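Here is a short report for a reader new to this structure. Look over the sequence and the model first, then read on.

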Amino acid sequence: MIARLRSVSGCLLLIYVVTHLSNHALALWSLSLADAWLEWLSAVWRWPPVTVLLLTAFLVHLCMALHSLWRRRTWRMSRWEWAQLLLGLSIVPLGMTHVVGTRVAHELHGVYTNHFWVLWPMAADPWQNARQCALVIAVWLHACIGVHFWWRVKPWYPRVLPGLYAVALLLPAMALAGAGVGLGSVLAILDDPQRMQAALAATKPPSRDEVADLYFLSDLLKAAALGLVVLALGARQVRTVWLKRQQGVRLRYVAGPSVAVPQGLSLLEASHTMGVPHASLCGGRGRCSTCRVQLGGADVARLPTPSADEARVLDRLGTPPTVRLACQLRPPSGDYNVMLLLPPGAQPADAYRGTGVALGEERTMVIMFVDLRGFTALSEKRLPYDVVFLLNRYFRSVGQAVEQAGGRVDKFIGDGMMALFGLQAPPPLAARQALDAARRIGQALVELNASMATEFTTPLRIGIGLHIGPAVVGVLGHGPATGLTAIGDTVNTASRLESLSKDFGAQLLASQAVFDAAGWGGEPGGAHEVAVRGRTQPLAVRAVADVTTLPLS
Ligand code: FES
């Protein structure tokens, strides 16, 4: 509910800001055009129901900000969260004089608040000018960060991002430029006493006493806003002290530290406070699901039930009851085991991806191992810089080949690579993807060798092992080195086939099962049987001397 109220009120305020800035931008063409558009806009925004809506949106947004200040248990936040908080707090002190001098002045004293009225004080006082520019920048950045954190996990966001970037840069730039041009026109008017008197009279200005009252009101409202912030921070402090006196919460992170934190922290806040890397793409707003954790331990039955919003996200993921959103869960005192289900570097594409795999699942996978032959001997004669440069070029080539074929690079080990096929594809497609990746790797190697022919007397050579079968897939590791991977006999066999490919003088040694799963008719390469450690039966394999000859899948 709180997240929704914040979003809806923020959206209404953003619409107001966009129309307001577009109005200033029109001054680039002419001040009278901007005034004409302002007349129209004022008719809409000053219509009583819209005024009430706008005021309500502002108050709700302010209350949400105070609530999140009060509720926040830790000041460990990302740079973006700090930026949004500080920019948000700066809006009232920067903008209150503008609001009181326009809208309130119109309502109380009937002032006609056209562009001359708004720009005139800025022409006379550079400080007001700077403050107004800072207000535009603060409001706009605050809104952009909010929108980015809200939308970044939506699947369509990357597509519209370039357009949004353009609007995010152009609109405030044009508004500030328009204000600058308008300021020039106002300065020209001020140079001519008669024009100035006429322009001023047209605004129906308030008396000196009324102006003083308006400034007093502005200062009063700023002080009230400041008082509310201080009150929220004070209440937060009292709550923190009180919570610290309560029994603590002990968290044992799987493949991580065991920590004790005060009651009242969300699990995500606990992770951040204790320096445990924890994904939170939406900044703890309960929207992205990337902070999800699986809980266990003696007191797990005492956990509060999920709120309606948290339950909605968890239902969408189809998770078991022991999986919760860390940003929404504030565990009572007790002992809990916590397993992070996504790596700290989770990407928007990981949001809402089913948790079955992350929790650990057996599924049919195609595993690929690729090794660069003779690289150790080659690197001995080279400078470290050259070795790193060459390996990175090679890794980029094979990594792109795997990704273009639909696989996922699991890890680079020394000069080797392990890749997974079948995380999102059924076994027949995964097998075709893996064979396609082998062909692409071969082509990439040909191109790499051609581009580095002057560097090496002998071309780079590779060995690839491929096997299909059941593997346990899950998120494994420790700290930042946590990630989705596969383990099991299939992985070991694929690694062994990669080593054996040397004995066959082949670029690829793949189990016959891979070709069978792929449903390839004219099977390439020679058929053999090999003994693999841990298997009682020999394994049927095919050795392909040149992977670029593999047919297109
Ligand atoms: S951080 Fe996004 S849902 Fe928890």
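## Cysteines

C291 is buried, at 2% relative accessibility. Buried means under 20% relative accessible area, exposed over 50%, and partly exposed in between, with a 1.4 Å probe and protein chains only. C133 is partly exposed, with a relative accessible area of 31%.

The whole structure was searched for disulfides, and zero were found. C133 is in none; the nearest cysteine sulfur belongs to C144 and lies 17 Å away. A disulfide here is a pair of cysteine sulfur atoms within 2.5 Å.

## Basis of the model

The model is predicted: local features need pLDDT of at least 70, side-chain atom pairs count only at pLDDT 80 or more, and totals for chains, interfaces and linings use all residues. Residues are numbered from 1 along each chain as its sequence is written, and side-chain values use heavy atoms, leaving out hydrogens and water.

## The sheet

Five strands form an open sheet with mixed pairing, in the order β2-β1-β5-β3-β4. Its edge strands are β2 (258–261) and β4 (323–325), each pairing on one side only. The twist averages 35° from one strand to the next. Two strands pair if DSSP finds at least two bridges between them. Helices (H or I, at least four residues) and strands (E, at least two) are DSSP runs, numbered from the N terminus.

Strands β3 (residues 292–296) and β5 (residues 334–340) run antiparallel, joined by four bridges. G296 has N337 in β5 as its bridge partner.

## A helix on the sheet

Helix α11 (residues 308–317) packs on the sheet and touches β3 and β4. Contact means heavy atoms within 4.5 Å. The direction of α11 makes about 130° with that of β4. Axes are lines fitted to C-alpha atoms, for helices over the stretch in contact, and angles run from 0 to 180 degrees between N-to-C directions.
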